[in-house]
Amino acid sequence: MRGIPRVTRIPRPLLGALVGVTALLTASALATPAGAAPRPDTSTGVSSVTAGAQQQARDFWTSERMREATPLDLVSVNGHFDGGSAPLKGAATTVAPTAAPASAVGRTAADIGLMAFPNGGGQWTGGGAVVSTAGRVFFSYQGRTASCSGNAVTSANKSTVITAGHCVKLEGAWHTNWVFVPGYHDGQAPYGRWSASKTLSTRQWTASEDINYDVGAAVVAPLDGKLLTDVVGGQGLAFNTGYNLRMYSFGFPAAAPYDGEKFIYCSGNTNRDFLLSNDHGMNCNMTGGSSGGPWFTQFNEATGTGLLSSVNSFKYNFLPNRMYGPYFGADAQNLYQTAQTS
């Protein structure tokens, strides 16, 4: 079985030799139907999904398929810097969280005590809104099934999910059979399987898959007549708020030693990558399948809410215990604006 293809870019000249980077996408061995291909709009980085393909995706992702999906080992890729500009900055902007229904929150840290900080990759048992806003992302990629992570956010359309760019598009192709499963556990979808009506990525990821802009989004269709954040709530967001921040990261890593069935978190003080990207870096042991999981600033353990300020993106081969996530600057903000008004 073939692994995930390599992503190639031009290395930063002063570094000379290529530096290995580990992608966080993991693909399973299940065969998948061809499905209806998304209709991409290359000028805007938006891929539309037909109503028929949306229903097909919901039907395809049964509890058995989600539970039994076995990820491949992480694939080493040549992580390169394409010589493009650093993320454009703008005015610091924040968006407040959207309250989740009380039935979606469950226990909070106030009930069981605070979680460890810093933490390199333990199970989140603190409850709060994050257990309903975060979830697993499932999709078909080159004839195989694959998984990532994602998170519902406050949005005008009440239907926006933020994830990594490579969780919506990779090697020039948009993924199919794309669904978001908030609150996933043990093969279950307690809040339903939300099929994408559109998937989007930053213009730089759409054009050249530049690791600095590895940010994606999805607009999910209503489910049973309801909108996503009316059911699970939505986290806030922060753009252009700088580096060296205290952050929490969440995801559903599915490669060893994890199995995709547990909700995992990392926490710590971050700093700016000094090697091949302009990303945030955090000590974190999460593995493949955690891609696209949210990074929060101003995270409140007692309520499980925060401001989404990055996503799990990649690791360097020689730094397996350190995760990197893109800076949320003007382009990430433009992506969010496009998604929430779609």
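Lys89 places its charged end over the ring of Tyr327, 5.0 Å from the ring centre. Arg136 does likewise with Tyr184, its charged end sitting over that ring at 5.0 Å from the centre. Keep in mind as you look around that this is a predicted model, with a mean pLDDT of 83 for the protein chain.

**Confidence**
- A pLDDT of 70 or more is reached by 79% of the residues in the protein chain.
- Residues 1-19 have pLDDT below 50, and the model gives this stretch 59 contacts beyond near neighbours in sequence.
- Another stretch, residues 72-83, stays under 50 as well, with 57 contacts beyond four places in sequence.
- Where pLDDT is low, the predicted coordinates should not be read in detail.

**The chain as a whole**
- Eight helices and 24 strands make up the secondary structure of the protein chain.
- The protein chain has 342 residues, and 61% of them count as buried.
- Among contacts in the protein chain with a separation of 6 or more, 76% join residues 24 or more positions apart.

**Helix H1**
- Which residues are buried in helix H1? In this helix, which spans residues 51-60, they are Ala53, Gln54, Ala57, Arg58 and Phe60.
- Viewed down the axis of H1, the buried residues fall within an arc of 165 degrees, so they line one face of the helix.
- Ala51 and Gly52 are exposed on the other side of H1.

**Aromatic pairs**
- How many aromatic pairs does a search of the whole structure find? The search turns up 22.
- One of these aromatic pairs joins Phe117 and Tyr248, whose ring centres are 5.5 Å apart; with 45 degrees between the planes, the pair is tilted.
- This pair links distant parts of the chain, 131 residues apart: Phe117 belongs to the loop between helix H4 (109-112) and strand E7 (119-123), while Tyr248 lies in strand E17 (residues 246-251).
- Is Phe117 buried or partly exposed? Phe117 counts as partly exposed because its relative accessibility is 26%.
- Phe314 and Tyr316 form an edge-to-face pair, because their planes stand at 90 degrees, with the ring centres 5.2 Å apart.
- Phe314 and Tyr316 are both buried.

Notes
Residues are numbered from 1 along each chain as its sequence is written. This is a predicted model: local features need pLDDT of at least 70, side-chain atom pairs count only at pLDDT 80 or more; totals for chains, interfaces and linings use all residues. Side-chain values use heavy atoms; hydrogens and water are left out. pLDDT is the predictor's confidence in each residue, from 0 to 100. Contact means heavy atoms within 4.5 Å. Buried means under 20% relative accessible area, exposed over 50%, partly exposed in between (1.4 Å probe, protein chains only). Helices (H or I, at least four residues) and strands (E, at least two) are DSSP runs, numbered from the N terminus. The arc is that of the directions from the helix axis to the C-beta atoms. Rings of Phe, Tyr and Trp (its six-membered ring) pair if their centres lie within 6.5 Å; planes under 30 degrees apart count as stacked, over 60 as edge-to-face and the rest as tilted. A charge sits over a ring if NZ of Lys or CZ of Arg is within 6 Å of the ring centre and within 35 degrees of the ring normal.
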